[in-house]
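Morning, everyone. Please have the sequence and the model open while I talk.

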Amino acid sequence: MWNYSETVKDHFFNPRNAKALEDANAVGDVGSISCGDALRLTLKVNDETEMIEDAGFQTFGCGSAIASSSALTELIIGKTVTEAALLTNQEIVDYLGGLPAEKMHCSVMGQEALEAAIANYRGIELVDDDHEEGKLICRCFAVDEGKISRAVEKHGLTTIEDVINYTKAGGACTSCHEKIEMVIDEVIANKVTESVATPTEPAAVKPISSLPPTSPLTQKVLEILGNLRPYLQADGGDVSLVKASEHLIVVSLSGACTGCMMTDMTLGWLQEQFSEALGFAIPVINHVPEAQPAA
Amino acid sequence: MKKNIYLDNNATTKVDPMAVEAMMPLFTKQFGNPSSIHSFGDQVGAKLKVARRQVADLLGALHDSEVIFTSCATESTTTAIYSALKVNPGKKEIITTTVEHPATLDTCEQLEREGYIIHRLKVNKKGQLDLKEYAGLLSENTALVTVMWANNETGTLFPIEDMALMASEKSVLFHTDAVQVVGKIPLDIQDTEIDMLSFSGHKLHAPKGIGGLYVRRGVRYRPLLRGGHQERGRRAGTENSPAIVAFGAAAEQAELHLETMSGKVKALRDKLEQGILSQVSHTFVTGDPDNRVANTANIAFEYVEGEAILMLLNQFGIAASSGSACTSGSLEPSHVMQAMQIPFTAAHGTIRFSLSRYTTEKDVDYVISVVPEIIDKLRGFSPYWKDGKPLDIEAFEPAA
């Protein structure tokens, strides 16, 4: 059985506000019975003060789904709609004294139900999560690209396991794992591009080809990488440098170094090696650039 | 006082006190290695011989030497599959089903990656196979048929004797994972065409860490583990003598209690099932109710989720299990429930109650008395349930 915290157990066995509010003026629905969990959140909001005076949940799901729903209602009652809108899934997790990693999506479901209820209160038509944002990635749980990339960005996810835990995508037949990795890579790559565009970091992360050959940092990084490559090559992989700055090293892993487990392990190792050789801690990320037309 | 009712006997069982008693001296005085020439070894060797006979009797095997002791049924199944492939190097096809135990499923999946062709027989909504489909797949390219005798989740029995006969007419090797039937139904394996049969100790009140593989005399065989003459060279490794002796004692007890299974245990199972079904609406039995092992009841509760049910049962001191996704850490309902196309309103809410000869009528009555309130409580705050009835589910579900 799961190692649930005492608070999770308490909120499961004695759920707070497990009810449908008859006089609700905001309703949020997320999930579905075929996916294994669903939550309907009903709120009674005071129209003058915008205070959430009461909240009720109805949940179909496992112990932690019910406990997360219960915690959600306790967290938002007494807050204004604007205050409640700031609630994160992590606050639900913290309130419950932690959730097993595999059950993180229960807290996400709570936070999403709140978002939906607030949108309903404000009369906003929420973009339906019914795979209308980009490609449908996970067929088992009907999770689209938009939802995954938002989760990756918002929570700083880096692995398939993270994505499964937060969105369920990829948690069943596993056939979409490659597509999920591509979404993760894309989000991370966009972040890199954004930081290139940031004026506070001029020239810091230019593509290596356009870096002045005299850049001491790049030379140093290339030299270190040259010493590390044989280890990866010995295992059937390889690595090349994409970009280097004082804040970030972007490499491109290939061969046996890739794949969801290996990428993490290899990057972790490279990060250790670089940080040691450079004498300061520096993050290393993987990005496979798209083929560039010949200059 | 909190009860202590164990209804998860398809997962594992309590060790028979007589088995415990039988194994104890092998930890203290008779600790010798049966391969040794001295008397420490001899006295253990004699005990293993008795145990092998006891287990062979339970299976209805003609020769003691047809029983190979292994570490578990997963090892037995793996050994049987790889043995069949090695003795049939030119044959690249395996016939199995979609509802096997992972020991078979995952091994076959790996073999598929290595280039073997795996035919997986489907089941219908009652968990039954289509023998016409099976007959059409048997061919001179088939290296092995490996099919479970009874399903671990539903208890549904497959017509293994008929299937073995059909395989033998095509000279195809036949293995069955009999983990859920050995000790539950009378077996006469010598009168069947089954070539290999895997079984486990801890499902029949022997300790964990001991399993067995029956290999019919004359069936070509290659060992998985090499490096010793133990088990007549068919499974190397020093014998787990305490567990083997306990296995023998447990097998003897299981054989003596076969009528308890088909009598008392079946009656209790039926009472449990009827007691729940008659009190709780929107529930049904999964699998083939008329054709299953006597100890298993798998009940689907619509509009509630299995892990939540198990947690509440556990509060009442009742241990059961679920095919629900959430209990296993995966996100999908069990492959067995999916293969049977259980309706989505119930696929996450299946609960398996598996009894044993130690289950009492008082236990069953208690379970019957608490299940309705558990389901009521959970349906009480399910968004799909209102005033004792399910809501129109289509209103919630996006069109498929």
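This is a predicted model: local features need pLDDT of at least 70, side-chain atom pairs count only at pLDDT 80 or more; totals for chains, interfaces and linings use all residues.

Now the contact between them. On the domain 1 side of chain B, 19 residues take part, and they meet 19 residues of domain 2 of chain B. What kinds of residue does domain 1 of chain B bring to that contact? The count is 6 nonpolar, 8 polar and 5 charged residues.

Stay in chain B and look for a sheet. It is an open sheet of 4 strands, with antiparallel pairing. Read across it and the order is S9-S10-S13-S12 of chain B. Which strands sit at the edges? They are S9, residues 283-285, and S12, residues 321-322, both of chain B. Each of these edge strands pairs on one side only.

Take one pair from that sheet. S12(B) pairs with S13(B), residues 350-354, in the antiparallel sense. That pairing has 2 bridges. To find it on screen, go to Ser321(B): opposite stands Arg352(B), in S13(B).

A helix lies over this sheet. Helix H8 of chain B, residues 258-279, lies across S9, S10 and S13 of chain B. S10(B) is residues 296-301, and H8(B) runs at about 10° to S10(B).

Now chain A. Confidence comes before anything else here. The mean pLDDT of chain A is 82. Of its residues, 83% reach 70 or more. Which stretches fall under 50? Residues 198-212 of chain A stay under 50, and so do residues 291-295 of chain A. How many contacts beyond four places in sequence does the model have for each? For 198-212 of chain A it has 20. For 291-295 of chain A it has 0.

Next, the domains of chain A. The assignment gives domain 1 as 6-122, domain 2 as 136-189 and domain 3 as 199-286. Between the centres of domain 1 and domain 2 of chain A, the separation is 23 Å, over C-alpha atoms. In chain A, 6 residues of domain 1 are in contact with 5 residues of domain 2. By class, the domain 1 side of that contact in chain A has 4 nonpolar, 1 polar and 1 charged residues.

Is Gly156(A) buried or exposed? Gly156(A) counts as exposed, because it has 11 C-beta neighbours inside 10 Å, and the cut-off for exposed is 12 or fewer. Gly156(A) and Glu112(A) are 44 residues apart along the chain, and 18 Å separate their C-alpha atoms.

Last, a sheet in chain A. Here 3 strands form an open sheet, in the order S6-S7-S8 of chain A, with mixed pairing. The edge strands are S6, residues 237-244, and S8, residues 284-286, of chain A. From one strand to the next, the twist averages 35°.

S7(A), residues 249-255, pairs with S8(A) in the parallel sense over 3 bridges. One bridge to look for: Ile249(A) has Val284(A), in S8(A), as its partner. Helix H9 of chain A, residues 216-234, lies across S6 and S7 of chain A. H9(A) runs at about 165° to S6(A).

How values were computed
Residues are numbered from 1 along each chain as its sequence is written. Chains are lettered from A and ligands numbered from 1 in the order in which they are written. Two residues are in contact if their C-beta atoms, placed from the backbone, lie within 7 Å. Ala, Val, Leu, Ile, Met, Phe, Trp, Tyr, Cys and Pro count as nonpolar, Asp, Glu, Lys and Arg as charged, and the others, Gly among them, as polar. pLDDT is the predictor's confidence in each residue, from 0 to 100. Domain bounds come from an automatic or database domain assignment. Two strands pair if DSSP finds at least two bridges between them. Axes are lines fitted to C-alpha atoms, for helices over the stretch in contact, and angles run from 0 to 180 degrees between N-to-C directions. A residue is buried if 20 or more other C-beta atoms lie within 10 Å of its own, exposed if 12 or fewer, and partly exposed in between; C-beta atoms are placed from the backbone.
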